[in-house]
Amino acid sequence: MEVLIERYGFLFVTILQQALLGLSLYFPLMAGQLSLASLGFYALGGYVTAIMSTNPAFAALRDGLGFLFHPLEWLVALALSAVLGVALGFPALRLRGIYLALATIAFVQVVGVVALNCDLAGGAVGIFGLPQIFESRLAYFWFFGPLLVAAMLLVWRIERSGFGRTLFAIREDELAARAMGVPATTRKVQAFVLGCMLAGITGAMSAPFLNTWNSRQGTFDASVGALAYVLIGGGRSKWGPLLGAALLVSLPEVLRPLKDSRMILNGLVLVLACVYLPRGLAGLFEKRGRS
């Protein structure tokens, strides 16, 4: 059992990490907004931790605070993500549909280009040799596990609040919601910023887990992957990102004995899920609950 846990510990923690990224996309989706900006904030949060953990300018602060220096990194990433989320959200969320998706993709690309040309971020090479907080990768469960539980509880609370009901009203019919006096733009920005903050702190926690950070951590491909977690898992359920991440992260590992053929089966599973599960994996449990 210990060998099994050690072998698949990295995979298990990665599922939690990717579920958090999927959940960061779920916040704007509650208001019907297709945003792919989360991976930009994920990359930003990782760079905050990577720079603060390795730059000599923070050496005295690191030595003085000890382990408490890590929560400080998370708070800096959280605050920076919130500020940039507001700055990006108000102009971007006036767009709709594919135009919003393109605008947020552009933000992800801008973050990547800035990182590639910034010496502080290590340029194309990135930042390597980040200090390890735990000896075992499985121990990082105590970072991502509580954060995922807290994020799920926040979503659960929002869905049952007046704020959540206004988000759902905007998703179903924004024009009607505005006619009823709902400040649609403000509510959409608030949901967007919550997703940005979750992605930022996830990135800040992920940097020591991965032991390195570079511009490849936040790319368009990674954004599409995170969106796939939500769509395959269920875009209208808070459980969707977790179910989608569990399937799509573990599937290549389960199919590893098939070698090169595994990618064909992986794609086939995605196609079948899109065709036969329009409400995602979470829709299966909803049907069972109703029956």
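Trainee: What makes the approach of the Thr-202 backbone oxygen to the side chain of Ser-206 a polar contact?

Mentor: This is a predicted model, and the distance is computed from it. The oxygen lies 2.6 Å from a polar atom of the Ser-206 side chain. The cut-off for a polar contact is 3.5 Å, so the pair falls within it.

Trainee: Is Ser-206 buried or exposed, and how do you know?

Mentor: Ser-206 has 0% relative accessibility. Buried means under 20%, so Ser-206 counts as buried. Ser-206 sits in helix α9. Leaving out residues up to four places away in sequence, Ser-206 touches Gln-17, Tyr-42, Phe-144 and Trp-213.

Trainee: How much of α9 is covered?

Mentor: Mostly covered: 21 of the 27 residues of α9 are buried.

Trainee: How do you know whether the length of α9 fits a helix?

Mentor: At 1.5 Å a residue, 27 residues should span 39 Å. The end C-alpha atoms of α9 are 38 Å apart, which agrees. Just after α9, Asn-211 takes a positive phi of about 70 degrees.

Trainee: What does the same check give for α6?

Mentor: The 19 residues of α6 should span 27 Å. Its end C-alpha atoms are 26 Å apart, which agrees.

Trainee: What is the orientation of α6 relative to α9, and why is it called that?

Mentor: Take the axes of α6, residues 141-159, and α9, residues 184-210. They come within 11 Å and cross at roughly 170 degrees. Angles over 145 degrees count as roughly antiparallel, so α6 and α9 get that name.

Trainee: Which residues make that contact?

Mentor: From α6 come Phe-143, Phe-144, Leu-147, Ala-151, Leu-154 and Ile-158. They meet Leu-194, Leu-198, Ile-201, Thr-202, Met-205, Ser-206 and Phe-209 in α9. By class, the contact has 11 nonpolar, 2 polar and no charged residues.

Trainee: How is α7 oriented against α9, and what makes you say so?

Mentor: The axes of α7, residues 162-172, and α9 come within 10 Å and cross at roughly 110 degrees. The range for roughly perpendicular is 65 to 115 degrees, so α7 is roughly perpendicular to α9. Phe-163, Thr-166, Leu-167 and Ile-170 of α7 make the contact. Their partners in α9 are Ala-184, Arg-187, Lys-188, Gln-190, Ala-191 and Leu-194. By class, that contact has 6 nonpolar, 2 polar and 2 charged residues.

Trainee: Back to α6. Is Trp-142 buried or exposed, and how do you know?

Mentor: Trp-142 lies in α6. Its relative accessible area is 62%. Exposed means over 50%, so Trp-142 is exposed. Buried residues of α6 include Phe-143, Phe-144, Leu-147 and Ala-151.

Trainee: How far is Trp-142 from Leu-284?

Mentor: In sequence, 142 residues; in space, 30 Å from C-alpha to C-alpha.

Trainee: And Val-13: is it buried or exposed, and why?

Mentor: Val-13 is found in helix α1, residues 2-29. Its relative accessibility is 0%, under the 20% limit, so Val-13 counts as buried.

Trainee: Which residues does Val-13 touch, not counting those up to four places away in sequence?

Mentor: Arg-137, Leu-138, Tyr-140, Phe-141, Phe-144 and Phe-209. Phe-144 also turns up among the residues that Ser-206 touches. In α6, Phe-144 meets α9 and is buried.

Definitions and conventions: Residues numbered from 1 in each chain as written. Predicted model: local features only at pLDDT ≥ 70, side-chain atom pairs only at ≥ 80, totals over all residues. Heavy atoms only, no water. Helix = DSSP H or I, 4+ residues; strand = E, 2+ residues; numbered from the N terminus. Buried < 20%, exposed > 50% of the residue type's maximum accessible area, 1.4 Å probe, protein only. Axes fitted to C-alpha atoms, helices over the stretch in contact; angles between N-to-C directions. Parallel < 35°, antiparallel > 145°, perpendicular 65-115°, else oblique. Contact = heavy atoms within 4.5 Å. Nonpolar A, V, L, I, M, F, W, Y, C, P; charged D, E, K, R; others polar. Expected span 1.5 Å × (residues − 1). Polar contact = N/O pair within 3.5 Å; in protein donor to acceptor, adjacent residues only side chain to side chain.
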